[in-house]
Amino acid sequence: MASEEKNKEKKMNFFQKVKNSIFKIEKYPEMSIEGPGKAISYISKLIVILAIILGIWTMYQTYSFVKEGTTYLKNEFPEFSYNDGILDVESENEMNLENERFGKIIIDTKTDSEEKINEYSTEVSNYGMGAIILKDKVILKNTMTGEISYNYKENFQNLNISQFTKEELINYTTGSGINKIYFSIFITMFIYGFVMYFINTLWYAVIIAFVGYITAIILKMKMRYVPIFNMAIYSLTLSTVLNILYLIVNTIFEFNMEYFSVMYITVATIYLIAAIFIIKSDFIKKQSEVTKIVETEKEVKEEMKEKNKEEEEKEKIRKKDKEEERKKTKDKNKKSKGNLNDTPEESNA
């Protein structure tokens, strides 16, 4: 019963693990002992939070886009119509729009050429972010989520929309019905974000663990890959938290950071290597303590040996003294007995 209570006390909850993963690297071995299942479960919970923030971020971006887009549609955009999965914009040539907030937007509902669509995709990628509006789908591209494609028919069918015109769309975007689209976008991005980040995180953990395994070999430490993999998952905590904060800051201040993915994996790798060095240091410390204990025991044994030797010598001396004493007493008794035997003879004489 007592051991079970101790085990319960040792178990860390999710928030304790987050705290320890960031501020107490020395706790990594303790957490890794729980096994890969617990480690993956832990990082999944963290990714759920990240996916929720991603869904909110995308929903907010969509809301801002719709708000500004509605104004643009009213005043500058040509007439268009949507019918059974096909969007038709009344423009002979493709339209190129550039916006500081949303990036480069290319509209072409006439082309079926994959080559042309790939050219548009390259243009948007070179710009950094944006959207490609085609006759059957819209392609969104940004540094946070990569490329996401939304098929009109699939998404509008879920909302029971089969056709609309420019005027009807403007009325729809300014009404309460648009909230269904926002919710649909949130759910889509949550699922997409969770799957994408979960797969990427595990892949990063595999790579980082491999670096950790090589580090352990260089340090001449016998460590199995699985515990290192578990620690690699916990080492990704700060990177994931920074990713969450980055999404929040990006939503509020439109802050973009180049090479964020490089920083993401670098921070986690540093954490794991630091954990391995701490384990090595602890091992050396324990080894040193064991050596000291062995040396102390050896010294104690030597002292005991010397002490026993001294005791033996003393015992020998005591025995010798006793023997001599006994001998003297015996001689003395013999002498006194001899004297007693001589006395009668003298008296008879």
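## Exercises on burial, salt bridges and charge

Helix 9 (residues 225-235) is mostly covered, eight of its eleven residues being buried. The model is predicted: local features need pLDDT of at least 70, side-chain atom pairs count only at pLDDT 80 or more, and totals for chains, interfaces and linings use all residues. Residues are numbered from 1 along each chain as its sequence is written, and side-chain values use heavy atoms, with hydrogens and water left out.

**Exercise 1.** List the buried residues of helix 9.

*Solution.* Start with the cut-offs: buried means under 20% relative accessible area, exposed over 50%, and partly exposed in between (1.4 Å probe, protein chains only). Helices (H or I, at least four residues) and strands (E, at least two) are DSSP runs numbered from the N terminus. The buried residues are then Ile228, Phe229, Asn230, Met231, Ala232, Ile233, Tyr234 and Ser235.

**Exercise 2.** Classify Lys280 as buried or exposed, and find its contacts beyond its neighbours within four places in sequence.

*Solution.* Lys280 belongs to helix 11 (residues 260-348). Lys280 has a relative accessible area of 18%, so this residue is buried. With contact taken as heavy atoms within 4.5 Å, Lys280 touches Leu219, Lys220 and Met221 once those sequence neighbours are left aside.

**Exercise 3.** State how many salt bridges a search of the whole structure finds, and describe the one between Lys17 and Glu34.

*Solution.* The criterion is a side-chain nitrogen of Lys or Arg within 4 Å of a carboxyl oxygen of Asp or Glu. The search finds seven salt bridges. One of them joins Lys17 and Glu34 at 2.6 Å, N to O. This pair links distant parts of the chain, 17 residues apart: Lys17 is in helix 2 (residues 14-23), Glu34 in the loop between helix 3 (28-32) and helix 4 (36-75). Lys17 is buried at 6% relative accessible area, whereas Glu34 is partly exposed at 31%.

**Exercise 4.** Explain why the salt bridge of Asp88 and Lys110 ties together separate parts of the sequence.

*Solution.* The side chains of Asp88 and Lys110 meet at 3.2 Å, N to O. Asp88 lies in strand 2 (residues 86-89) and Lys110 in the loop between strand 4 (103-107) and helix 5 (114-127), so the pair ties together parts 22 residues apart in sequence. Asp88 is partly exposed, with a relative accessible area of 34%; Lys110 is partly exposed too, at 43%.
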